[in-house]
Amino acid sequence: MRGGLWQLGQSITRRLAHGDKKAVARRCFASEAELKKTVFHDFHVAHGGKMVPFAGWSMPIQYKDSIMDSTINCRENGSLFDVSHMCGLSLKGKDAAPFLEKLVIADVAGLAPGTGTLTVFTNEKGGAIDDSVITKVTDDHIYLVVNAGCRDKDLAHIEEHMKAFKAKGGDVSWHIHDERSLLALQGPLAAPVLQHLTKEDLSKLYFGEFRVLDINGSECFLTRTGYTGEDGFEISVPSEHGVDLAKAILEKSEGKVRLTGLGARDSLRLEAGLCLYGNDMEQHITPIEAGLTWAIGKRRRAEGGFLGADVILKQLEEGPKIRRVGFFSSGPPPRSHSEIQDEGGNNIGEITSGGFSPCLQKNIAMGYVKSGLHKAATKVKIIIRGKPNEGVVTKMPFVPTKYYKPS
Amino acid sequence: MALRMWASSTANALKLSSVSRPHLLPPFSFSRCLSSVLDGLKYADSHEWVKHEGSVATIGITDHAQDHLGEVVYVELPEPGGTVSKKSGFGAVESVKATSDINSPISGEIVEVNKKLTETPGLVNSSPYEDGWMIKVKPSDPSELDSLMGPKEYTKFCEEEDASH
């Protein structure tokens with residue numbers, strides 16, 4: 001038996017748990033009663049949320065709106081997502097930045113206070129343990145958000161390295177923000193709506209920037225970022241004020257900002273050409289292969305200093321053997337694991353994410369092909385249910401991004 | 001259709017009832033809270049319907065199935081002249097997020113395929129029992145139809161299946 005939104009939740013859960021064998025077994029057998037619930041759970045159900053298991057959580061994959069409509073509405077008006085299943089944490093201490101630089105590829109020391117970036121935690125072979133948005137609050141305080149399905153291994157990884165770091169006299173400690181909940185408000189109405197709920201001038205907060213400020217009466221961590229390609233915010237709110245904030249956002253938008261589930265979120269990030277950890281990025285894929293060379297700071301390229309630096313810097317020098325690229329195709333929408341062939345029928349790679357784009361009304365996909373076959377306009381065959389379908393390599397994003405940046 | 005069914009926790013979700021004709025809706029519409037079940041058809045537990053008239057049986061997926069699947073963006077169907085076997089797959093339905101096999105409720109020879117679905121797969125959503133039909137089959141054993149569910153039985157089956165998720 002194949003298919004269904006439930007299946008989507010399950011397959012993503014299993015993939016996100018990749019690398020943690022116990023978690024796979026545990027999650028495959030978790031009954032719904034054992035799934036964790038965000039503080040918004042009852043709010044979701046009351047608003048017609050269809051809850052499915054996702055990375056050990058009961059999450060809304062869809063509300064009354066179809067996934068197609070939700071995706072389009074996010075880009076035309078706005079969407080409000082519960083992303084509380086993702087894990088927020090703070091690293092504090094004089095040596096927080098040098099500590100984190102051992103674990104991620106970003107130039108953490110070079111971040112100005114109040115700014116952040118997407119980065120990758122690497123393993124000793126240069127592969128991706130997880131992707132994460134990190135933000136420097138102050139020189140001795142870094143705020144991070146990691147993916148839900150990677151939480152356990154990420155925290156274990158950080159803890160292990162923190163012990164060693166502190167044993168050598170390093171000054172760093174951490175706090176996991178389990179007392180907070182995370183909302184993502186995305187789309188063109190995100191800023192106008194949120195402005196109604198705070199006194200601080202949001203037009204002075206640019207993409208990637210971070211503030212601690214009062215929103216709707218509670219102290220929130222606000223980052224102008226998201227995983228949809230749209231302008232928008234991720235809001236960390238004290239859990240006891242989360243539902244009130246969600247209600248206020250929906251009310252202020254007069255129904256135009258819609259509650260939106262994981263199904264549409266996946267379409268949006270795919271249209272934006274963004275990786276889903278567990279599909280497009282895994283322990284054996286390096287940031288170079290994934291097309292995230294831009295995320296390695298200039299100084300870090302020269303110095304290394306992160307796990308797997310030797311592998312990554314070598315790939316920087318010589319070029320990787322495989323590369324993540326986008327595809328358009330005809331026929332059925334490609335899905336994860338569809339084989340990619342060249343026009344002569346030779347295997348050249350595999351699809352890692354794909355589907356029908358609501359905004360473009362055509363099939364889009366991303367996957368890895370051998371270097372040399374990654375140029376835009378290269379023709380390929382995508383094999384679906386044993387049949388070849390015409391495809392072509394294309395640059396990403398598929399739908400242009402609209403990040404709010406100084407002009 | 002081998003679609004793993006699930007339901008919203010809300011009490012009023014997916015209330016089912018028999019109606020004489022399904023409402024026609026545009027191809028891409030908001031999910032409805034009401035799935036229709038027609039009299040005069042037979043239903044499979046994998047959510048296909050069969051309408052047997054004379055020597056030909058018409059097959060498609062139910063309103064309940066398309067409601068759970070979401071907007072259909074691609075329908076893959078076999079060629080006329082092939083055969084189908086009871087409970088075996090003959091095609092696939094693709095939505096924005098998922099792929100589902102379509103199983104045949106009966107065995108027989110495929111005599112016609114709905115070519116309109118190639119260009120307009122949304123017909124499966126807007127008109128699952130009429131314009132969204134998929135294949136017409138000459139049954140090899142009409143008595144296979146006897147083991148399929150009638151509308152009342154299917155309605156109850158869907159309610160029970162949804163309640164268990």
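In the predicted model, A:Pro320 touches A:Ile288, A:Glu289, A:Gln315 and A:Ser371 when residues up to four places away in sequence are not counted, contact being taken as heavy atoms within 4.5 Å. A:Pro320 is located in the loop that runs between α11 (309–318) and β14 (322–329) of chain A, where helices (H or I, at least four residues) and strands (E, at least two) are DSSP runs numbered from the N terminus. Because its relative accessibility is 8%, A:Pro320 counts as buried, a term that means under 20% relative accessible area, with exposed over 50% and partly exposed in between (1.4 Å probe, protein chains only). A separation of 9.9 Å is found between the C-alpha atoms of A:Pro320 and A:Gly291, which are 29 residues apart along the chain.

This is a predicted model, in which local features need pLDDT of at least 70 and side-chain atom pairs count only at pLDDT 80 or more, whereas totals for chains, interfaces and linings use all residues. Residues are numbered from 1 along each chain as its sequence is written, chains are lettered from A and ligands numbered from 1 in the order in which they are written, and side-chain values use heavy atoms, with hydrogens and water left out.

Not counting residues up to four places away in sequence, A:Thr223 touches A:Thr135, A:Tyr143, A:Glu209, A:Phe210, A:Gly232, A:Phe233 and A:Glu234.

Helix α6 (residues 151–167) of chain A comprises 17 residues and reaches 24 Å from its first C-alpha to its last, close to the 24 Å expected at 1.5 Å a residue, the expected span being 1.5 Å times one less than the number of residues. The buried residues of α6(A) include A:Leu155, A:Ile158, A:Met162 and A:Phe165, and among the elements that cover the buried residues of this helix are β4 (87–92), α5 (96–101) and β5 (115–122) of chain A. After α6(A) comes A:Gly169, with a positive phi near 95°.

The axes of helix α4 (residues 67–76) and helix α9 (residues 262–271), both of chain A, come within 8 Å and cross at roughly 55°, these axes being lines fitted to C-alpha atoms over the stretch in contact, with angles running from 0 to 180 degrees between N-to-C directions. The contact involves residues including A:Ile67 and A:Cys74 of α4(A) and A:Ala264 and A:Leu268 of α9(A).
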